[in-house]
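This report covers the backbone, the sheet and the ligand site of one protein model. The sequence and structure come first.

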Amino acid sequence: MMQLTGVETQVLADTEAVAAETARLILDAAADAIAARGAFRLVLAGGSTPLAAYRLLAQAQADWAHWHLYHGDERCLPPDSPERNSRAADDVWLAKVPVPREQVHPIPAEQGAPAASAAYEPVVAGAVPFDLVLLGMGEDGHTASLFPGHEILPGPLVMPVHDAPKPPPDRVSLTPSALCRSRRMLVLVTGAGKQAAVARWAAGEGLPVARVAVGGNALVLLDRAATPAMPPEPDLG
Ligand code: 6PG
């Protein structure tokens, strides 16, 4: 059985099963948070992996008036660019449910990475601890816009990112300090392209996703395609 040190893992059949379980866990966390604190603060993951779950949430019944939504990272592109994480979430989900617009907090990445980071820092400072942080993982083991080999600032909650190996090069990311200030964290990993990075993670490599997931008490949802075959247990006879 594959183990990722310090985190809980669940291997599901395919991307549809991961999307369904993700949507179920988000709706459960929302109901618990609203019952306990009157509000649900959720950080959205970017990239393509969470979109299937967002589409399911667009069909769901929920107490949307008490949802507060933030982004874990954003790409420095115009707000209406289809490559923007905020636009993707709007198109498949948020434009279809009555979450009050003033409770949806896109990162103003069109301002450029330094200015947008400075503008988003107080937004995050006023929201933590989050109730749930959603994250994806890249084929190099990055998460949000925290890339291997990049300096990750320990202090601030939000940081500008330049020279990102995944386009576009300029981005804004929540730091581990912010992402780990959450009651729960869900990391979504699907597709054969992610298998090598999962194997490196399982082998104990300090990839950005590994460091954030441990700090965030994460549950990692994988599909079978992303799960490396583990070597058979040695027969100790
Ligand atoms: C981004 C994301 C990034 C993403 C991974 C996985 O803006 O690109 O926030 O961290 O989660 O790159 O991307 P996919 O889900 O598309 O494989």
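P129 is placed in the loop between α4 (113–125) and β6; helices (H or I, at least four residues) and strands (E, at least two) are DSSP runs, numbered from the N terminus. The peptide bond joining V128 to P129 is cis, with omega about 0 degrees. A cis bond also joins P167 and P168, again with omega about 0 degrees. P168 belongs to the loop between β7 (158–161) and β8 (171–174).

In the loop between β6 and β7 lies A144. A144 is not a glycine, yet has a positive phi of about 45 degrees. Most residues other than glycine have a negative phi, and most peptide bonds are trans.

## Basis of the values

The model is predicted: local features need pLDDT of at least 70 and side-chain atom pairs count only at pLDDT 80 or more, while totals for chains, interfaces and linings use all residues. Residues are numbered from 1 along each chain as its sequence is written, and side-chain values use heavy atoms, with hydrogens and water left out.

## Sheet

Seven strands form an open sheet with parallel pairing, in the order β1-β10-β9-β6-β2-β3-β5. Two strands pair if DSSP finds at least two bridges between them. The edge positions are held by β1 (8–12) and β5 (104–105), each with a single partner strand, so one side of each has no neighbour in the sheet.

Strand β6 (residues 130–135) and strand β9 (residues 182–189) run parallel and are joined by five bridges. L134 has L186 in β9 as its bridge partner.

## Ligand site

There are 16 residues around the ligand, and S48, T49, D73, H142 and A144 come nearest; a residue is near if one of its heavy atoms lies within 4 Å of the molecule. This shell divides into two nonpolar, nine polar and five charged residues. Ala, Val, Leu, Ile, Met, Phe, Trp, Tyr, Cys and Pro count as nonpolar, Asp, Glu, Lys and Arg as charged, and the others, Gly among them, as polar.

Which distances separate polar side-chain atoms of T49, D73 and H142 from ligand oxygen atoms? For T49 the distance is 2.6 Å, for D73 it is 2.7 Å, and for H142 it is 2.7 Å. The protein covers 91% of the 410 Å² of accessible area that the ligand has on its own, by the Shrake-Rupley method with a 1.4 Å probe.

Technical notes: A polar contact is a pair of N or O atoms within 3.5 Å; within protein, one must be able to donate a hydrogen and the other to accept it, and residues adjacent in sequence count only if both atoms are side-chain atoms.
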